[in-house]
Amino acid sequence: MRGSIPSPGLATMKYGGNTACVELRVGPDNRIVIIDAGSGIRALGNSLMADNLVDDSIKADIFLSHTHWDHIMGYPFFIPVYSPGSVIKVYGPVTFEDDPLEDIVGGQMKYRYFPVNLGELSSNIEYIRLNENPFIDLGDGLELSTKLLNHPITSLGYRFEYDGKVVCTCYDTEPFSNLFITDPNAPGYDEAMALEGEEVATELNMVIEQFFAGADLLIHDAQYTEEEYRRRRNWGHTSIEYAIAAANRAGVKKLALFHHDPDRTDDQLDEFAKKFCDPGYPGDTEVFFAREGMVVEL
Amino acid sequence: MEFNKEKQRENIESFIRKMPSLSTTVGKVMEICSRTDASPNELNKVISLDPILAGQVLKLINSAYYSLINKVTSLTRAITMLGMNTVKNIALSTAIIRTVSGVKKSRALPTAKFWEHSIGTGVSARLLGEVKGYSPMEREELFLAGLLHDLGKVPFGDEYIEVLNIAKQDQQSLIEVERDLIGIDHQEVGLMIAEKWKLNKVITECITTHHEIDRLDGGAGQQVALVALANIYTNILDHGYAGDPFPDEEDIARLLQLVDLSHDVFGTIGARVIDEIHKSELFLRT
């Protein structure tokens with residue numbers, strides 16, 4: 001899978017060229033939870049419908065990490081929303097000055113962009129706005145907490161817990177950093193501000209690590225290498241090295257590195273895997289690069 | 001009924017002389033908000049210099065709207081968590097409303113209703129600017145211009161109650177009744193404040209010509225027309241109250257023609273106007 005924009009082609013076939021979409025299956029009833037509606041959700045929708053030939057409809061909860069286009073673009077192509085019997089709840093954050101969630105996600109379904117209008121969807125769809133929240137009961141023993149991440153628009157991390165197992169998402173995000181001037185010789189430097197900026201950023205990053213502490217699986221933004229990240233500060237994404245170190249500090253069992261750069265080739269990811277996923281790399285967390293269609297059993 | 005016009009003008013001039021200058025804080029917040037290269041240090045400093053403003057900004061950030069689990073207790077933290085732009089917007093609107101509302105409580109125009117109208121106009125003007133493809137910075141200017149367009153109504157004394165009554169009874173345009181009875185209208189008074197506060201050209205023109213619909217060519221004509229439309233639209237929505245509830249169909253048609261938009265634009269911005277007004281009015285509750 002890739003971040004930002006679908007990148008199909010020979011160089012992305014192994015890890016996949018679609019944008020973000022994760023499927024969780026929970027409990028004995030195989031409850032369907034979907035995280036993000038990137039272009040990957042099209043194939044998921046097709047397979048869900050194929051599995052359910054009886055009444056041609058599904059029940060699912062879709063959680064959007066945020067509403068940047070690469071995370072919602074697949075929604076109009078998610079076939080179950082056109083099925084009259086489907087019951088779908090779409091959860092997600094919206095940014096302070098933006099429209100209601102329904103308009104942001106459904107705004108893609110206007111005749112100027114797409115042949116079907118939002119109002120024409122036949123299934124039962126509910127849109128639920130989420131904020132930072134330490135406990136949301138999703139029913140049947142499934143619990144959720146959400147955490148505000150650091151991205152140019154409001155982006156939420158999700159922590160799902162069911163029967164003692166924990167799956168966390170932490171994307172799109174980059175580590176909080178000290179935004180204030182730190183060079184004592186630069187104009188406008190203020191020592192107290194510089195120190196507090198540092199303190200706050202460190203604390204906010206610790207809070208995020210506590211959020212995914214002990215997770216059985218953490219799916220974390222890892223768009224850049226550390227070297228690339230130095231040139232892409234404030235773009236809202238994390239480096240592979242940082243994600244691995246943070247997961248280890250938080251005692252995460254498995255780490256899926258996610259949101260690969262659209263220009264990253266499979267060969268490069270294979271090279272990275274040799275280094276970062278090698279048991280000799282520091283830390284106890286099991287690390288792998290997320291791949292389209294990959295299944296992780298917990 | 002007619003008032004002593006000379007006396008009225010004197011009272012208004014004296015009121016404006018006593019009005020505080022746009023405080024250094026607000027002036028600086030406005031300056032920083034209009035610059036794209038301003039640093040977080042500058043924003044932090046300018047807000048911190050004014051402890052009351054700083055308190056109001058933090059109160060808003062901690063309001064239910066964001067639902068942050070941990071309370072934000074410092075500006076440095078607010079800027080780190082929410083970014084420069086959010087903090088800038090909050091500081092600016094808070095500072096301006098406080099400056100103007102602090103001057104006087106008008107009996108004629110209740111403060112909350114007046115600001116509801118002003119915010120409605122600001123929000124609508126910003127959305128119309130978006131439809132017209134204005135840059136984010138120009139849209140913020142439209143918001144400010146809408147927010148401040150009726151500033152000239154603030155200095156009128158209790159006699160203004162009579163002006164409002166007559167405009168309402170006779171379904172006359174407010175500005176004409178002002179001219180008839182008081183001898184000076186809120187655009188002229190607005191100009192005096194704009195000069196005192198050294199507001200920029202676009203905002204000043206919106207304050208001084210938003211009722212001059214027949215001569216809005218050149219200069220900031222397009223922005224003024226957008227603010228004038230936003231003003232009429234907010235009156236039609238019956239949101240807040242600034243005493244001028246009778247829109248003239250011909251004015252609307254002329255304004256729409258000036259900015260090359262059709263009536264449909266109100267449908268386009270409709271739902272968002274209400275939503276944004278609701279959000280922006282957090283400022284009134286501090």
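**A hairpin and its surroundings**

A: In the hairpin formed by β8(A) and β9(A), two residues lie between the strands, and A:D163 takes a positive phi near 50 degrees. This is a predicted model.

Strand β8 covers residues 156–162 of chain A. One pairing can be named here: A:F160 has A:V167 as its bridge partner in β9(A).

Now take the other pairing of β9(A). Four bridges join β9(A) to strand β10, residues 217–221 of chain A. Here the strands run parallel. A:C168 is bridged to A:L218 in β10(A).

Chain A has 298 residues, and 53% of them count as buried. Take the contacts in chain A between residues at least 6 apart in sequence: 64% of these join residues at least 24 apart.

Next, the partner chain. Chain B has 23 residues in contact with 26 residues of chain A. The size of an interface is often given as the accessible area lost when the parts come together. For chain B and chain A that figure is about 2400 Å². Carbon and sulfur atoms account for 55% of it.

What polar links cross the interface? Five residue pairs are in polar contact between chain B and chain A, with both residues at pLDDT 80 or more. The rule also finds one salt bridge across it. In that salt bridge, the side chain of B:R77 meets the side chain of A:E203, at 2.7 Å from N to O.

Three helices of chain B each supply at least two residues to the side that touches chain A: α3 (40–48), α5 (75–101) and α14 (264–280). Helix α5(B) gives the most, with six residues. By type, the residues on this side of chain B divide into eight nonpolar, eight polar and seven charged.

Set aside its neighbours within four places in sequence. B:R77 is then in contact with A:V200, A:E203 and A:L204 in chain A, and with B:K71 and B:V72 in chain B.

Helix α11 of chain B, residues 201–209, holds B:T208. Leaving out neighbours within four places in sequence, B:T208 is in contact with B:Q187 and B:L191. B:M192 is 16 residues from B:T208 along the chain, and their C-alpha atoms are 9.5 Å apart.

Key:
Residues numbered from 1 in each chain as written. Chains lettered and ligands numbered in written order. Predicted model: local features only at pLDDT ≥ 70, side-chain atom pairs only at ≥ 80, totals over all residues. Heavy atoms only, no water. Contact = heavy atoms within 4.5 Å. Buried area = accessible area lost by both parts, 1.4 Å probe. Salt bridge = Lys/Arg side-chain N within 4 Å of Asp/Glu carboxyl O. Polar contact = N/O pair within 3.5 Å; in protein donor to acceptor, adjacent residues only side chain to side chain. Nonpolar A, V, L, I, M, F, W, Y, C, P; charged D, E, K, R; others polar. Pairing = 2+ DSSP bridges. Buried < 20%, exposed > 50% of the residue type's maximum accessible area, 1.4 Å probe, protein only.
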